Amino acid sequence: MAMTTLSSMAAVGPHVLPPLPYAEGALSPFISARTVSLHRDQHHQGYVDALNKAVVGTSYADLSLQQVVTATAHQPEHAAVFNNAAQVWNHNFYWQSLRPQGGGDPPPSIKPLIEACFGSVAACKAALAAAAAKRFGSGWVWLVQEAGQLKVLDTGNADSPTSPGQHPLLVIDVWEHAYYLDYQNRREEHVTVLLDKLINWGFAAANLH
């Protein structure tokens, strides 16, 4: 299936659950088909359904997903719309951030930048893992590009990088539903396995600006 990059996630509502870029069981044994099914068909689909219901009859009904997220961010009166829109966007991005037989060496289009910014690929992975470990409660860990540099940051709940000039390259979901069936409370183990076996460095490279 074709890769969905940032620039291609601009379809106008009503919003739909996009297909996975791989078979439901393709991330096994590191993430089970049962976890992918629950995560996508219940949680992700639930956000899509709630978003479509929330925007009916509003000025957001005919906007793209990215436009809805941008228009409602940091506006408490629109929290219901933002939370569901942002969670749809984050999950769309998350599934693309993984791939079967992932991990390994990043492609030449991004590896030198990773090494310049972190010292090594291993150090970049360690920074992502450390951010996941320290994220209190639910949220996301991002590799972002800003002013030509790469950095790691974490966000809570539905939030994503919002500072001007920050471009997400890949994301790790650290909500419990992303890993609990397979790893129970062992979030750090899950993230380590994900970085070693599933992370999609090619997707990160495709999102470089």
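Accessible areas in this report come from the Shrake-Rupley method with a 1.4 Å probe, and for residues only the protein chains shown count as cover. On that basis the protein chain exposes about 9400 Å², of which carbon and sulfur atoms supply 55%.

The model is predicted: local features require a pLDDT of at least 70 and side-chain atom pairs a pLDDT of 80 or more, whereas totals for chains, interfaces and linings use all residues. Residues are numbered from 1 along each chain as its sequence is written, and side-chain values use heavy atoms, with hydrogens and water left out.

**Confidence and overall form**

The average pLDDT (the predictor's confidence in each residue, from 0 to 100) is 93 for the protein chain, and 94% of the residues score at least 70. Residues 1–8 have a pLDDT below 50, and this stretch has 19 contacts (heavy atoms within 4.5 Å) beyond near neighbours in sequence.

DSSP runs define the helices (H or I, at least four residues) and strands (E, at least two), numbered from the N terminus. The protein chain has 8 helices and 3 strands, arranged along the sequence as α-α-α-α-α-β-β-β-α-α-α. Its radius of gyration is 16 Å, close to the 17 Å that the globule rule gives for 209 residues, so the protein chain is as compact as a globular protein of that length. The radius is taken over C-alpha atoms, and the rule is 2.2 Å times the number of residues to the power 0.38. Buried residues (under 20% relative accessible area; exposed means over 50%, partly exposed in between; 1.4 Å probe, protein chains only) make up 47% of the 209 residues.

**The hairpin**

Strands β1 (residues 139–146) and β2 (residues 149–156) run antiparallel and are joined by 8 bridges; DSSP must find at least two bridges for strands to pair. Gly139 has Gly156 in β2 as its bridge partner. The two strands form a hairpin with 2 residues between them, and Ala147 in the turn has a positive phi of about 55°.

**Aromatic pairs**

Rings of Phe, Tyr and Trp (its six-membered ring) pair if their centres lie within 6.5 Å; planes under 30 degrees apart count as stacked, over 60 as edge-to-face and the rest as tilted.

| Pair | Centre to centre | Angle between planes |
|---|---|---|
| Trp89 and Trp142 (tilted) | 6.4 Å | 35° |
| Trp140 and Trp142 (tilted) | 6.4 Å | 40° |

Trp89 in helix α3 (residues 79–96) and Trp142 in strand β1 are 53 residues apart, linking distant parts of the chain. Trp89 is buried at 5% relative accessibility; Trp142 is buried at 0%, and Trp140 is buried at 0%. One aromatic cluster comprises Trp89, Phe93, Tyr94, Trp95, Trp140, Trp142 and Phe203.
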